[in-house]
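This briefing is intended for a reader who will inspect the sequence and the coordinates alongside the text.

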Amino acid sequence: MSDRIPDPQKPASGAEGNWFGFTPVDPSAKSGLVRAVFDSVATNYDLMNDLMSGGIHRLWKDTLMEMVAPKPDMTLLDVAGGTGDIAFRFLKKGGGAAVVCDITEAMVRVGRDRAVDRNILSGVQWTVGDAERLPIAPRSVDAYTIAFGLRNVTRIDEAIKEAHRVLKPGGKFYCLEFSHVVLPVLRELYDVYSFQVLPFMGRVVAKDEASYRYLAESIRRFPQQADLAKRIEAAGFGAVRVRNLSGGIAAIHSGWRI
C-alpha cells in the first residue's frame, strides 16, 4: 500500500463527466466505464458498501427511509438502486409501489434475485435505464431516491433535472451519497482509509482493487454539500436541505418539486 494520499484537482461545476475518478476521460466514454465497474462488483455490492462504510450504510439507508416516510398511496422511483435495498425498505415501511431503475443490467438481475429470495413477488418494477434519460413518464412518482449513485452519472445536473421531470408537483427528491467530511481529524483518518485500506481490502476480499480505488476517487470528485444543494435548487427544487451523516462521510440532500 502506498503512503501517498492523492490531492485531486476539483472539476469545475458540471464538468464531472470529464473525469473517471482521478482519470480524465471523454464524457461519452464515462457511462461505459461506470457500467464496467458495477458489472464487476454487482455480486459483491453489499460487501462493497460494507467495506466503504464499515457497515454503517445500512443505518444511513434507514435514516433515508425515515425521511421518505412511506405511505400506501405513494409511488417511489429509486434510481441507481439495482440491488433493491431502498425499494425493499420502502415496501417494508408501508410504501405503495416502487420502481427500480439502474443503468447496469447485472445490478438489476441481482435485485430481482434478491426479491425472489425474500418472497417479494409484487410491488416492485425493475427497469434498466440511464439517470440522465429516465424511461419514466413526467409527473408520475411521489418520491425519487438515489443512493450512492449520483456521483457516478456523467452529467449530475441532467440527472437532477430528470428527477424534477418525473416527480409529481409536491413530490420530493432525496439523494443519499458519500460526501465530504466536515470534521478535520476524521477527514485525515478517512483519507487514509479510502486510499490505503479500501483498495487493499478490495484486492484481498473482492479480488478487484481497481474498482474500489475508482469508488474512493469518485467520492472526492463529488461536489461539496453546499455546492450540490445549489445545483438542486437550480433544477427547480424548493426547500433544499442537507443532512450530514457520520460527520459528513455521507449526506442526504432533499428538496420539494414545486
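The points below are grouped by topic, starting with the conventions.

The model is predicted: local features require pLDDT of at least 70, side-chain atom pairs count only at pLDDT 80 or more, and totals for chains, interfaces and linings use all residues. Residues are numbered from 1 along each chain as its sequence is written, and side-chain values use heavy atoms, with hydrogens and water left out.

**Annotated binding site**

- An unreviewed UniProt entry carries the annotation "binding site" for T83, D102, D130 and A131; UniProt positions are given in the numbering used here, feature names are shortened, and annotations may be inferred rather than shown by experiment.
- From this set, D102, D130 and A131 belong to the lining of the largest cavity. A cavity is a set of points, on a 1 Å grid over the protein atoms alone, where a 1.4 Å probe fits but cannot get out, and lining residues have an atom within 4 Å of a point.
- T83 is placed in the loop between β3 (75-79) and α4 (85-92); helices (H or I, at least four residues) and strands (E, at least two) are DSSP runs numbered from the N terminus.
- T83 has a relative accessibility of 4% and counts as buried; buried means under 20% relative accessible area, exposed over 50%, and partly exposed in between (1.4 Å probe, protein chains only).
- Apart from neighbours within four places in sequence, T83 is in contact (heavy atoms within 4.5 Å) with Y45, F88, M107, V110, G111 and R114.
- D130 occupies the loop between β5 (124-128) and β6 (141-147) and is buried, its relative accessible area being 16%.
- A polar atom of the D130 side chain lies 2.9 Å from the backbone nitrogen of E132.

- Helix α1 (residues 27-41) has 15 residues, which should span 21 Å at 1.5 Å a residue, and its end C-alpha atoms are 22 Å apart, in agreement; the expected span is 1.5 Å times one less than the number of residues.
- At the start of α1, a side-chain oxygen of D26 comes to within 2.9 Å of the backbone nitrogen of S28.
- K30, V34, V37, F38 and V41 are the buried residues of α1. Viewed down the helix axis, the buried residues of α1 fall within an arc of 85 degrees, so they line one face of the helix; the arc is that of the directions from the helix axis to the C-beta atoms.
- N152, in the loop between β6 and α6 (156-166), is buried at 7% relative accessibility.
- Leaving aside neighbours within four places in sequence, N152 is in contact with K30, V34, F38, Y214 and S218.
- The side chains of N152 and Y214 make a polar contact at 2.7 Å. A polar contact is a pair of N or O atoms within 3.5 Å; within protein, one must be able to donate a hydrogen and the other to accept it, and residues adjacent in sequence count only if both atoms are side-chain atoms.

- Helix α8 (residues 209-221) has 13 residues and reaches 19 Å from its first C-alpha to its last, close to the expected 18 Å.
- In α8, 10 of the 13 residues are buried, so the helix is largely enclosed by the rest of the structure; among them are Y214 and S218.
- Helix α3 (residues 57-68) has 12 residues and reaches 16 Å between its first and last C-alpha, close to the 16 Å expected.
- The buried residues in α3 include W60, L64 and V68.

**Positive phi values**

- Most residues other than glycine have a negative phi.
- N119 is not a glycine, yet has a positive phi of about 60 degrees; N119 is in the loop between α5 (105-117) and β5 and is exposed at 58% relative accessibility.
- A239 has a positive phi near 50 degrees; A239 lies in strand β8 (residues 237-245) and is partly exposed at 40% relative accessibility.

**Helix α9**

- A226 is in helix α9 (residues 225-234) and is exposed, with a relative accessible area of 51%.
- A226 and V242 are 16 residues apart along the chain, and their C-alpha atoms are separated by 8.0 Å.
- K230, also in helix α9, is exposed, with a relative accessible area of 56%.
- The C-alpha atoms of K230 and Y45, which are 185 residues apart along the chain, are separated by 30 Å.

How values were computed. 1 Å grid on protein atoms, 1.4 Å probe; cavity = no way out; pocket = protein on both sides within 12 Å on 5 of 7 lines; lining within 4 Å.
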